[in-house]
Amino acid sequence: MSLCGMPGTTGTFYYFAYGSNLLKKRIHIQNPTAVRKGYGFLKDYSLDFFHYAARWRGAPATIVRQEGSAVWGAIWEIDNSNLADLDYQEGVHNNVYKSLTLPVVLPSGISMNCRVYQLVQNPSYLAPDTDSRPYERQPSKTYMNILINGAKETGLPDHYISVLKKVIHNGNTGDPQLALELENQIEDLQH
């Protein structure tokens, strides 16, 4: 069974966030209508990092086809009025990410079509916790903290949060303004 929630059908669309938009405070910066509806996973995809992002001072997340793997994330319902904002945030206008419609498997086993973003220049597969991750494929410390805290906030499985905690980061902190915007949210989750 597949539930459909794509732009133009009901005034809202479903978006699957596996990166910084896992965190409620982060997604609400540019998409204030977003309401978390639950979580699920993309079957036969793996989480990876690529393409240096100045705002994060490291490589952001992407999804890579990998048989037998799964990428967990949050499912957000967003008003169509924020679709252009989300595309802009993801750099679609600069050809950084492209939008896809993929089935997300819910904990109940039902799949739901969601908007998902993938880097246009996607890397070849590299396990997310590998010790040999090249520097140019390392996310920043700030970015990983947001992913981990967003995963906790979303209620993602502990085994997946453990995988996120093993990702080698470059030690950099992200954009100071973004850090200020998110600081209280991250502190609240760590206590």
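A pocket here is an open set of points on a 1 Å grid over the protein atoms alone, where a 1.4 Å probe fits, with protein on both sides within 12 Å along at least five of seven lines; lining residues have an atom within 4 Å of a point. The model is predicted, so local features need pLDDT of at least 70 and side-chain atom pairs count only at pLDDT 80 or more, while totals for chains, interfaces and linings use all residues. Residues are numbered from 1 along each chain as its sequence is written, and side-chain values use heavy atoms, with hydrogens and water left out.

**Exercise 1.** Find which residues lie nearest the centre of the largest pocket.

*Solution.* Start with the lining, which has 25 residues; R26, W56, Q89, E90 and Y97 lie nearest the centre. Next, look for elements giving two or more residues to that lining: they are α1 (24-30) and α2 (83-89). Last, sort by class: 13 nonpolar, nine polar and three charged.

**Exercise 2.** Work out how α3 and α4 run relative to each other.

*Solution.* First get the angle: α3 (residues 141-154) and α4 (residues 158-165) pack at about 175 degrees, axes 10 Å apart. That makes the two helices roughly antiparallel (the cut-off is over 145 degrees). Then check the contact (heavy atoms within 4.5 Å): M144, L147, I148, A151 and K152 of α3 meet I161, L164 and K165 of α4.

**Exercise 3.** Say what the salt bridge of K37 with E77 ties together.

*Solution.* Check the distance: the closest N and O atoms are 3.5 Å apart, and a salt bridge needs a Lys or Arg side-chain nitrogen within 4 Å of an Asp or Glu carboxyl oxygen. Now place the partners: K37 sits in β3 (residues 35-49) and E77 in β4 (residues 61-79), so the pair links parts 40 residues apart in sequence.

Key: Helix = DSSP H or I, 4+ residues; strand = E, 2+ residues; numbered from the N terminus. Nonpolar A, V, L, I, M, F, W, Y, C, P; charged D, E, K, R; others polar. Axes fitted to C-alpha atoms, helices over the stretch in contact; angles between N-to-C directions. Parallel < 35°, antiparallel > 145°, perpendicular 65-115°, else oblique.
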